[in-house]
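Colleague: I have a model open and want to go through it with you. Can you take me through the sheets, the helices and the ligand shell?

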Amino acid sequence: MNRTTLRIATRQSPLALWQAEYIQQRLQQYHSNLTVELVPMTTKGDKILGTPLSKIGGKGLFVKELEQAMLEDRADIAVHSMKDVPYRFPEGLELKVICEREDPSDAFVSNEYKTLDDLPHGATVGTSSLRRKVQIKSLRPDLNITDLRGNVGTRLSKLDMGHYDAIILASAGLIRLKLADRIASRFAPEQLLPAPGQGAVGIEARSNDPELDALLAPLQDEETTYRVRAERVITQTLQASCSVPIAAFSTVSNGILSLRALVGGIDNQMIEAEAEGPLSEAQDIGTTVAESLLSQGAKEMIAALGESGD
Ligand SMILES: NCc1[nH]cc(CCC(=O)O)c1CC(=O)O
């Protein structure tokens with residue numbers, strides 16, 4: 001049987017649509033006889049955008065409806081920002097490919113100031129990410145960090161309305177939405193370590209479908225795949241939900257993968273670990289770093305966070 005149509009389940013935020021259309025175009029490039037359709041959907045996460053994510057069950061809320069559609073054969077694939085993909089997949093679905101990575105950094109976005117260092121004492125910075133919060137606090141304990149949620153456009157308009165002196169967003173999202181001119185400066189990973197998988201897009205689909213696997217295979221980026229796998233071992237091993245401040249970022253140079261990860265706790269406590277090795281041992285490098293975090297008390301820190309709430 002030769003597949004003639006492939007359906008992409010997608011959320012309707014501008015960023016989700018960009019990602020789905022990007023994969024649509026790339027698939028069509030590789031397979032000129034294939035029709036690639038978008039199946040737009042609204043997820044529970046989209047309907048309750050005002051509530052802090054950690055209070056309502058996490059990022060999984062943005063993927064459940066898409067996964068249901070694939071399991072019921074109303075769609076074939078879903079395109080995700082890898083940093084939003086939970087580490088476990090429902091029975092019958094799996095991660096198929098990870099594509100080439102966009103700029104993985106976090107961006108400092110402000111209409112008045114160029115860098116975090118330029119902010120006056122006590123300035124207000126918007127972000128709801130616990131990962132960003134804990135790292136910004138350690139760089140600048142004086143800053144007032146307040147919640148900021150919504151799509152990228154919503155967050156930018158809240159900045160423009162003067163609610164914040166600066167906000168932190170992923171550079172990749174801004175670049176994809178052609179809003180790179182809003183980036184005042186990019187954080188180096190040593191200042192603000194990105195989330196596991198940040199900047200990379202991945203494709204989820206039904207297991208046991210070799211024909212589909214063959215169609216998706218050309219989209220795989222090998223180096224990004226190793227990097228994101230190593231980074232995701234950290235979340236996996238620590239079994240961290242999105243209400244845990246956790247960062248993991250790897251680079252590759254001359255076939256050597258270097259991975260650094262950190263975990264934040266209450267009172268802005270922070271532990272970190274790093275390791276490096278051959279690219280092909282990405283998984284083991286991830287395990288080494290995760291075990292170092294565990295030996296420094298990561299599990300206990302995470303448990304204490306759970307008790308203190310958010
Ligand atoms: N949590 C939202 C989210 N998920 C993915 C991106 C874009 C960057 C990426 O694909 O990693 C963003 C926006 C942001 O964090 O500013």
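Modeller: One definition to start: two strands count as a pair if DSSP finds at least two bridges between them. This is a predicted model. By that criterion β6 (residues 124-126) and β7 are a pair, with three parallel bridges.

Colleague: Which residue of β7 is the bridge partner of Gly126?

Modeller: Thr146 in β7 is the bridge partner of Gly126.

Colleague: And what is the strand order in that sheet?

Modeller: The order is β7-β6-β8-β5-β9, an open sheet of five strands with mixed pairing. At the edges are β7 (144-146) and β9 (185-186), and each of them pairs on one side only.

Colleague: Which strands does helix α5 touch?

Modeller: Helix α5 (residues 130-139) packs on the sheet and touches β5 (106-109), β6, β7 and β8. Its direction makes about 175° with that of β7. Helix α6 (residues 152-160) also packs on the sheet, with β5, β6 and β8 as the strands touched. The angle between the directions of α6 and β8 is about 165°.

Colleague: Switching to the ligand. Which residues surround it?

Modeller: The ligand is surrounded by Leu15, Ser81, Lys83, Asp84, Val152, Leu169, Ala170, Ala172, Gly173, Gln198 and Gly199. By class that shell has five nonpolar, four polar and two charged residues.

Colleague: Which elements each supply at least two residues of the shell?

Modeller: β8 (166-170) and α7 (171-176) each do.

Colleague: And which domains does the shell draw on?

Modeller: At least three shell residues come from each of domain 1 (1-99 + 200-220) and domain 2 (106-186). The domain assignment of the chain also gives a domain 3 (221-309).

Colleague: How many residues of domain 2 are in contact with domain 3?

Modeller: Six residues of domain 2 are in contact with eight residues of domain 3. On the domain 2 side, the contact residues divide into two nonpolar, one polar and three charged. The centres of domain 2 and domain 3, taken over C-alpha atoms, are 24 Å apart.

Colleague: Now the other sheet. What is the strand order there, and is the pairing parallel or antiparallel?

Modeller: It is an open sheet of three strands in the order β11-β12-β13, and the pairing is antiparallel. The twist averages 15° from one strand to the next.

Colleague: Why is one side of β11 left without a neighbour in the sheet?

Modeller: β11 (246-253) stands at an edge with a single partner strand, so one side of β11 has no neighbour in the sheet. The other edge strand, β13 (270-278), likewise has a single partner.

Colleague: How many bridges join β11 to β12?

Modeller: Eight bridges join β11 to β12 (residues 256-264). Ser250 stands opposite Leu259 in β12.

Colleague: What lies between β12 and β13 in the chain?

Modeller: Five residues, in a hairpin formed by β12 and β13. In the turn, Asp267 has a positive phi of about 55°.

Colleague: Which helix lies across β11 and β12?

Modeller: Helix α9 (residues 222-238) does, running at about 150° to β11. Helix α10 (residues 282-295) lies across β12 and β13, at about 155° to β13.

Colleague: How do the axes of α9 and α10 cross?

Modeller: The two axes come within 8 Å and cross at roughly 35°. The crossing is right-handed.

Colleague: Which residues meet there?

Modeller: From α9, the residues are Tyr226, Arg229, Ala230, Val233, Ile234, Thr237 and Leu238. They meet residues of α10 including Ile285, Val289 and Leu293. The contact of α9 with α10 divides into ten nonpolar, four polar and one charged residue.

Key
Residues are numbered from 1 along each chain as its sequence is written. This is a predicted model: local features need pLDDT of at least 70, side-chain atom pairs count only at pLDDT 80 or more; totals for chains, interfaces and linings use all residues. A residue is near a molecule or strand if its C-beta atom, placed from the backbone, lies within 6 Å of it. Helices (H or I, at least four residues) and strands (E, at least two) are DSSP runs, numbered from the N terminus. Ala, Val, Leu, Ile, Met, Phe, Trp, Tyr, Cys and Pro count as nonpolar, Asp, Glu, Lys and Arg as charged, and the others, Gly among them, as polar. Domain bounds come from an automatic or database domain assignment. Two residues are in contact if their C-beta atoms, placed from the backbone, lie within 7 Å. Axes are lines fitted to C-alpha atoms, for helices over the stretch in contact, and angles run from 0 to 180 degrees between N-to-C directions. A crossing is left-handed if the near helix is turned anticlockwise from the far one by less than a right angle, and right-handed if clockwise.
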